[in-house]
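Reader: I'd like a close look at one part of this model, starting from a single side chain and what it touches. Could you talk me through it?

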Amino acid sequence: MSIDNAAVAALGDRTIGPEHKGMPPESWGRTVREFLATAPTLDRLETPILTIDRAAVAANIAIMADWVGAAGVRLAPHGKTTMAPQLWADQLAAGSWGITLATIWQTQVARSFGVGRVLLANSLVDPVGLRWVAAESARDPSFEFTCWADSVETVALMQEQLSALPGAQRIRVLVELGGPHGRTGARTVEQALAVAREIDAASRLTLAGVGGYEGALAHDRTPDGIRAVRDYLDGLERLHREIDAAGLYRGPAIVTAGGSAYPDLVVERLAPLADEEGARGTVTTVVLRSGAYLIHDDGFYAGISPLAPPRSEKPLRSAMHGWARALSRPEPTLALLDAGKRDLPYDEGLPVPQRVAGPEGAALDPDATVSALNDQHTFLRLPGGAATELPIGTVVRLGLSHPCTAFDKWRLIPVIDDAEAPMPRVVDFLHTFF
């Protein structure tokens with residue numbers, strides 16, 4: 001699937017300035033390409049800083065591409081995780097079927113970089129957004145856009161808005177199935193079937209399949225959590241089959257689920273549908289939407305992903321780290337670092353202290369922990385008597401949890417060659433759009 005690689009490459013011509021957190025004054029006024037030509041190392045940047053490990057990203061992309069290929073399903077990685085077109089281009093080059101996004105604005109960003117197939121994993125009822133999709137589809141008939149609907153009211157509103165617009169372009173819509181106490185989505189298969197019939201009857205919409213998100217129904221791999229996810233996925237399969245049996249599909253069908261926590265269960269339950277021929281000769285495409293796998297983490301996903309050790313022989317590894325400097329040692333067992341909630345993710349677990357940076361750096365005591373984050377401070381708790389082990393000015397590397405709430409805090413993210421190196425080299429910069 002396509003992306004405008006020239007537009008992606010042109011990001012290297014953007015000028016660095018003081019609005020780019022962590023970038024040193026010596027870089028201001030230079031383009032990204034010009035600053036990279038000076039062969040910067042990590043110590044030339046200011047703390048706090050978030051970095052991405054190039055080798056880890058490349059390995060994660062390859063691991064997931066091989067995994068979905070072996071499973072016989074497609075991958076439309078969730079672009080909201082990074083909102084970084086450079087990474088979308090890498091994922092598409094590795095064979096991704098398309099890019100998933102969560103809002104119409106994110107979709108518009110993707111189109112500005114020429115992304116040719118977008119799966120909007122959400123309902124679209126905003127009149128401005130609907131007008132834009134209709135106009136963009138008319139301008140470029142090769143643009144493949146699909147969104148969700150979870151109620152007959154949603155479908156009626158979409159039809160009303162689109163009917164007022166010239167042209168006859170139809171928007172492809174998936175019926176979204178939810179679950180008890182979950183997020184969006186029709187709560188029963190029967191309700192979802194009613195939505196499917198409403199879409200089929202609408203003159204400006206096309207019923208394109210079914211979709212949903214199992215990650216809203218569990219947050220761990222306990223037997224109860226696994227059972228809840230499997231039951232939900234079985235309901236999604238049932239919905240797809242009942243729509244097909246009712247003759248409502250009039251073209252290829254998509255069945256899509258799967259974040260980065262339970263893609264194995266999605267494959268277990270839904271992969272048998274892939275390339276299956278339906279009642280009207282309809283061929284089904286099963287699409288995973290995992291996004292966090294690309295960066296992975298040292299927290300939530302490290303604990304739940306089926307592609308993390310020891311669950312996988314070819315495991316993902318965390319590609320993101322925070323680097324923060326000790327500002328104060330007001331107590332023997334406390335160090336205050338210069339990173340906080342404005343810099344690092346904290347919603348799915350606090351940062352994990354890993355090692356001291358620099359050529360003489362060493363692993364921190366395994367009993368060292370982060371107890372809290374303020375807006376601009378990290379509370380690093382150290383074992384008793386460790387006052388001399390972390391002097392003021394020392395830079396600490398932190399493992400992080402949840403890439404979705406890490407990238408949104410940075411406009412420009414340095415990519416380093418190796419987070420384990422004594423002095424990592426900066427080899428690229430990622431531009432984010434949040």
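Author: A polar contact here is an N or O pair within 3.5 Å; within protein, one atom must be able to donate a hydrogen and the other to accept it, and sequence-adjacent residues count only if both atoms are side-chain ones. The model is predicted, so to speak of local features takes pLDDT of at least 70 and side-chain atom pairs take 80 or more, while totals for chains, interfaces and linings use all residues. Numbering starts from 1 along each chain as written, and side-chain values use heavy atoms, without hydrogens or water.

R117 is buried, at 14% relative accessible area (buried means under 20%). The R117 side chain makes a polar contact with the side chain of E144 at 2.8 Å. Beyond residues within four places in sequence, R117 is in contact (heavy atoms within 4.5 Å) with M1, W97, G98, I99 and E144. As for A10, it is 107 residues from R117 in sequence and 21 Å away in space, C-alpha to C-alpha.

Now have a look at a pair of helices, α5 (residues 104-112) and α6 (residues 127-139). They pack at an angle of about 25° with axes 10 Å apart (axes are lines fitted to C-alpha atoms over the stretch in contact, and angles run from 0 to 180 degrees between N-to-C directions). Angles under 35 degrees count as roughly parallel, so α5 and α6 get that label. On the α5 side, I104, T107, Q108 and R111 make the contact, and they meet G129, W132, V133, E136 and R139 of α6. Sort those residues by type and you get 3 nonpolar, 3 polar and 3 charged.

D417 is worth a stop too: it lies in the loop between β16 (412-416) and β17 (426-431). Its side chain reaches the backbone nitrogen of R425 at 2.9 Å. Leaving out residues up to four places away in sequence, D417 touches D53, R54, A55, P424, R425 and V427.

Finally, there's α9 (residues 223-245) against α10 (residues 263-270), packed at about 40° with axes 10 Å apart. From α9, I226, V229, R230, L233, D234, L236 and E237 meet L265, V266, E268, R269 and L270 of α10. Those divide into 7 nonpolar, no polar and 5 charged.

Definitions and conventions. Helix = DSSP H or I, 4+ residues; strand = E, 2+ residues; numbered from the N terminus. Nonpolar A, V, L, I, M, F, W, Y, C, P; charged D, E, K, R; others polar. Buried < 20%, exposed > 50% of the residue type's maximum accessible area, 1.4 Å probe, protein only. Parallel < 35°, antiparallel > 145°, perpendicular 65-115°, else oblique.
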